Amino acid sequence: DGAVVVERAMYGNGWRWGHASIGQAGLPEPGPVWYLAEGCTAGGMETYILVQNPDDDPVHVNITFHTGGGEVAPAELQNVEIPPLSRRTFPVNMWVTGYDVSTLVRCSEGRVIVERSMYGGGWEWGHCSLGRLDI
């Protein structure tokens, strides 16, 4: 019966590192197009794109990476279903390798919330960031 503020915290390497991401409070409504400016899949780093569907119906997304070598739109990341009230995680390292990787997530219908998590040094550190909603 009241307002709450929510965040998600993660810790690793025996609690030697941690990162947190604020929940949806204070953000615009979930939306159809999200941008993630930062990512890296080289030099021992791992990047993950997390896509949440907060609605009661499935949604479909297209994920495209932008790299120094150009746009990469893997066929298996086009029209991917995100089930209702769920989240899917996409390991970017499976599709691209580079120090400079940005991501575009676009719904073919519906709306989502998108976050990027990145880890390095054999998971000695981690970092996360919400995407930028295109409004």
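This is a predicted model: local features need pLDDT of at least 70, side-chain atom pairs count only at pLDDT 80 or more; totals for chains, interfaces and linings use all residues.
Residues are numbered from 1 along each chain as its sequence is written, and side-chain values use heavy atoms, with hydrogens and water left out.

Start with strand β10 (residues 113-120) and strand β11 (residues 125-130), which pair in the antiparallel sense over six bridges. Strands here are DSSP runs (E, at least two residues), numbered from the N terminus, and two of them pair if DSSP finds at least two bridges between them. Within this pairing, Met-118 stands opposite His-127 in β11. The hairpin of β10 and β11 has four residues between the strands, and Gly-121 in this hairpin takes a positive phi near 60 degrees.

Next come the aromatic side chains. A pair of aromatic rings is described by the distance of the centres and the angle of the planes. Rings of Phe, Tyr and Trp (its six-membered ring) pair if their centres lie within 6.5 Å; planes under 30 degrees apart count as stacked, over 60 as edge-to-face and the rest as tilted. The structure holds four aromatic pairs. One of them joins Tyr-48 and Tyr-119, and because the ring centres are 6.0 Å apart with the planes at 65 degrees, this pair is edge-to-face. It links distant parts of the chain, with Tyr-48 in strand β4 (residues 46-53) and Tyr-119 in strand β10, 71 residues apart. Burial is judged by relative accessible area (buried under 20%, exposed over 50%, partly exposed in between; 1.4 Å probe, protein chains only). Tyr-48 is buried at 19%, and Tyr-119 is buried at 3%.

Phe-65 and Trp-95 form another pair: their ring centres are 6.4 Å apart and their planes stand at 25 degrees, so the pair is stacked. This pair also links distant parts of the chain, 30 residues apart, with Phe-65 in strand β5 (residues 59-67) and Trp-95 in the loop between β8 (86-91) and β9 (101-109). Phe-65 has 1% relative accessibility and therefore counts as buried. Tyr-48 and Tyr-119 also belong, with Trp-123, to one aromatic cluster.

Two loop residues remain. Asn-79, in the loop between β6 (70-72) and β7 (80-82), is not a glycine but has a positive phi near 60 degrees. Asn-79 is partly exposed, at 47% relative accessibility. Leu-85 lies in the loop between β7 and β8 and has a positive phi of about 50 degrees, although it is not a glycine. With a relative accessible area of 59%, Leu-85 is exposed.
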